[in-house]
Amino acid sequence: MTNSVEKAKRGKRERLVAAAAQVFHERGVEKTTIADIASVADVPVGNVYYYFKTKDQLVRAAIGAHDDYLRELIAELERHDAPADRLKALIRGWVDQRDIAARFGCPSGTLAAELDKRADGLDEEMAEVMGRLIDWARAQFEAMGRADADQLAVALVASYQGISLLTNTFRDPELMAVEGRRLERWIDDLAAA
């Protein structure tokens, strides 16, 4: 009996975290209410406070969800043998999400930009997540023998964030597809050099 109660508790909490990440991405942190999150999670509003006392705790949990997703993504990308293949798989994953980017922008990038306008330290937590992606990309470029791995990693992530913004601004998923193809050619050129 205790196991089923614990499982139900974890299920609600996990649904709330996933709903928070989704709703913050789609509506923004400031426009989102706890009731919005509860509705998407299919959890009574009163139950939310059992797991999260404040909206900022939900924001922190959403940041954790972004970090968990990134760690899972990196683990999946590491299955590719060559660093160039890992980077191109990352790019293809971004391009596969182009319709979502056209509607709402990059989930991590939009949250980072919104949290930067606050003075509560949550922006720094999101920066750590974004930094983890840059660190991983840097390691791939280093494995390709690139002395300029730091700059290349930042350029790659900056290209994605920029095209996510433009894809969202113009509501045009094809922009991201075109940039994805360009980035893959760029990776091929760097690997051949």
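Biologist: What should I know before I look at the model?
Modeller: The model is predicted, so local features need pLDDT of at least 70 and side-chain atom pairs count only at pLDDT 80 or more, while totals for chains, interfaces and linings use all residues. Residues are numbered from 1 along each chain as its sequence is written, and side-chain values use heavy atoms, with hydrogens and water left out.

Biologist: How many helices and strands does the chain have?
Modeller: The chain has ten helices and zero strands. Helices (H or I, at least four residues) and strands (E, at least two) are DSSP runs, numbered from the N terminus.

Biologist: What box do the C-alpha atoms fill?
Modeller: Roughly 60 × 40 × 30 Å, taken along the principal axes.

Biologist: And what share of the residues is buried?
Modeller: Of the 193 residues in the chain, 41% are buried. Buried means under 20% relative accessible area, exposed over 50%, and partly exposed in between (1.4 Å probe, protein chains only).

Biologist: What about contacts between residues at least 6 apart in sequence?
Modeller: Among those, 67% join residues at least 24 apart. Contact means heavy atoms within 4.5 Å.

Biologist: Let's pick a helix. Which residues of α5 are buried?
Modeller: P83, A84, R86, L87, K88, A89, L90, I91, W94 and V95. That is ten of its 14 residues, so α5 is mostly covered.

Biologist: Which helices do they pack against?
Modeller: The buried residues of α5 pack against α4, α6 (98-104), α8, α9 and α10 (173-192).

Biologist: What span should α5 have?
Modeller: At 1.5 Å a residue, its 14 residues should span 20 Å, and the end C-alpha atoms are 20 Å apart, which agrees. The expected span is 1.5 Å times one less than the number of residues.

Biologist: Is R86 buried or exposed?
Modeller: R86 is buried, with a relative accessible area of 13%. Leaving aside neighbours within four places in sequence, R86 is in contact with L77, E78, H80, D81, W136 and Q140.

Biologist: Over to α10, then. What is the relative accessibility of E179?
Modeller: E179, found in helix α10, has 14% relative accessibility and counts as buried. Its contacts, beyond neighbours within four places in sequence, are S159 and I163.

Biologist: Which residues touch the most other members of the largest nonpolar core?
Modeller: F141 and L156, in a core of 56 residues. A nonpolar core is a set of buried Ala, Val, Leu, Ile, Met, Phe, Trp, Tyr and Cys residues joined through side-chain atoms within 4.5 Å.

Biologist: What does L156 touch?
Modeller: Not counting residues up to four places away in sequence, L156 touches L87, L90, I91, W94, A137, F141, L183 and W186.
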